[in-house]
Amino acid sequence: RGIEASPGTGLLRAAVKRGLDIALSSIGLLVSLPFWLAIAAAIKLEGGGPVFYSQWRWGRNKQPFRAYKFRSMVVDADTRCGAAQATAADPRFTRIGRLLRCTSLDELPQLLNIWKGEMSWVGPRALPMNEKQVNEPGHTPDEAVPGFDLRCAVRPGLTGIAQVFAPRDVPRVQKFRYDCLYVRRQNVVLDLKLIVVSCWISLRLQWEDRGRKI
């Protein structure tokens, strides 16, 4: 029957979802301002360099956009290992960067991406474009992986089913199955549940665990 039950239902759900994104990202930006200042100071004190890191990522309908994060790696991270997927003991992480990754505070700047409409609170991960995968042989382009087209039918999310339930280092084809499940089942109640679970994972410092988070 396709992704949507009916055009009217799809439009209403999209409007409610976007309204929720704007409201929560606006509140989040205001409430998190002290954290922005503290994180920026910590990054500068540890070794100087840029506070923010930006990267081109796949957006809705495969439109690329720049996603912003607090820098969690050394300044020359990409020249050391190339644009490669991070590993558990990745030597490119700074000390403050490891803490930011465990709590997911490095992704606070993506609240701006949500507010601008490039991302949503919940959806498939904002996938770096053709990032080198440490757990896959060769180098398969993202668009050649089954499920890629469907996952790009919606805005990428700060959190989602794959981010919460898929082990971190499984191949893309498995993560995309979780993403496609979300696209087919998405609703406001599911989004709110995933947001609550994600906050709990952040409080437990478990985002860098390589298995399931809950």
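Me: What is the relative accessible area of Asn130?

Reply: The model is predicted, so that local features need pLDDT of at least 70 and side-chain atom pairs count only at pLDDT 80 or more, whereas totals for chains, interfaces and linings use all residues. Residues are numbered from 1 along each chain as its sequence is written, and side-chain values rest on heavy atoms, with hydrogens and water left out. Buried means under 20% relative accessible area, exposed over 50%, and partly exposed in between (1.4 Å probe, protein chains only). Asn130 is partly exposed, because its relative accessible area is 33%.

Me: Where does Asn130 lie, and what is its phi?

Reply: Helices (H or I, at least four residues) and strands (E, at least two) are DSSP runs, numbered from the N terminus. Asn130 is found in the loop between E3 and helix H6 (148-151). Although Asn130 is not a glycine, its phi is positive, at about 55°.

Me: Is Asn61 buried or exposed?

Reply: Asn61 is placed in the loop between strand E1 (52-58) and E2. Its phi is near 60°, a positive value in a residue other than glycine. Because its relative accessibility is 52%, Asn61 counts as exposed.

Me: How many helices and strands are there in the protein?

Reply: Along the sequence, the pattern reads α-α-β-β-α-α-α-β-α-β-α-α-α. The protein accordingly has 9 helices and 4 strands.

Me: Which residues of H4 make the contact with H2?

Reply: Helix H2 (residues 33-47) and helix H4 (residues 95-103) pack with their axes 9 Å apart and at an angle of about 150°; axes are lines fitted to C-alpha atoms, for helices over the stretch in contact, and angles run from 0 to 180 degrees between N-to-C directions. The two helices are therefore roughly antiparallel, as angles under 35 degrees count as roughly parallel, over 145 as roughly antiparallel, 65 to 115 as roughly perpendicular and the rest as oblique. Contact means heavy atoms within 4.5 Å. H2 contributes Ile39, Ala42, Ile43 and Glu46, and these meet, from H4, Arg95, Ile96 and Leu100.

Me: Which residues touch the most other members of the largest nonpolar core?

Reply: A nonpolar core is a set of buried Ala, Val, Leu, Ile, Met, Phe, Trp, Tyr and Cys residues joined through side-chain atoms within 4.5 Å. The largest core has 24 residues, and the elements giving two or more residues to this core include H2, strand E2 (64-70), H4 and helix H9 (188-203). The members that touch the most others are Ile43, Phe70 and Trp121.

Me: Which residues does Ile43 contact, leaving aside its neighbours within four places in sequence?

Reply: Ile43 also belongs to the contact of H2 with H4. Leaving aside neighbours within four places in sequence, Ile43 is in contact with Gly48, Pro50, Val51, Phe70, Arg71, Ile96 and Leu100.

Me: How far apart are the C-alpha atoms of Met73 and Thr94?

Reply: Met73 is situated in the loop between E2 and helix H3 (77-81) and counts as buried, because its relative accessibility is 14%. Not counting residues up to four places away in sequence, Met73 touches Ala86, Asp90, Arg92, Phe93 and Thr94. Met73 and Thr94 are 21 residues apart along the chain, yet their C-alpha atoms are separated by 5.3 Å.

Me: What is the angle between the planes of Trp58 and Phe148?

Reply: Rings of Phe, Tyr and Trp (its six-membered ring) pair if their centres lie within 6.5 Å; planes under 30 degrees apart count as stacked, over 60 as edge-to-face and the rest as tilted. The structure holds 5 aromatic pairs. Trp58 and Phe148 form one that is edge-to-face, 5.1 Å centre to centre, and the angle between the planes is 75°.

Me: How many residues apart in sequence are the parts tied together by Trp58 and Phe148?

Reply: Trp58 counts as buried because its relative accessibility is 8%, and Phe148 counts as buried because its value is 1%. Since Trp58 lies in strand E1 and Phe148 in helix H6, the parts that the pair ties together are separated in sequence by 90 residues.

Me: What share of the residues in the protein is buried?

Reply: The protein has 214 residues. Of these, buried residues make up 43%.
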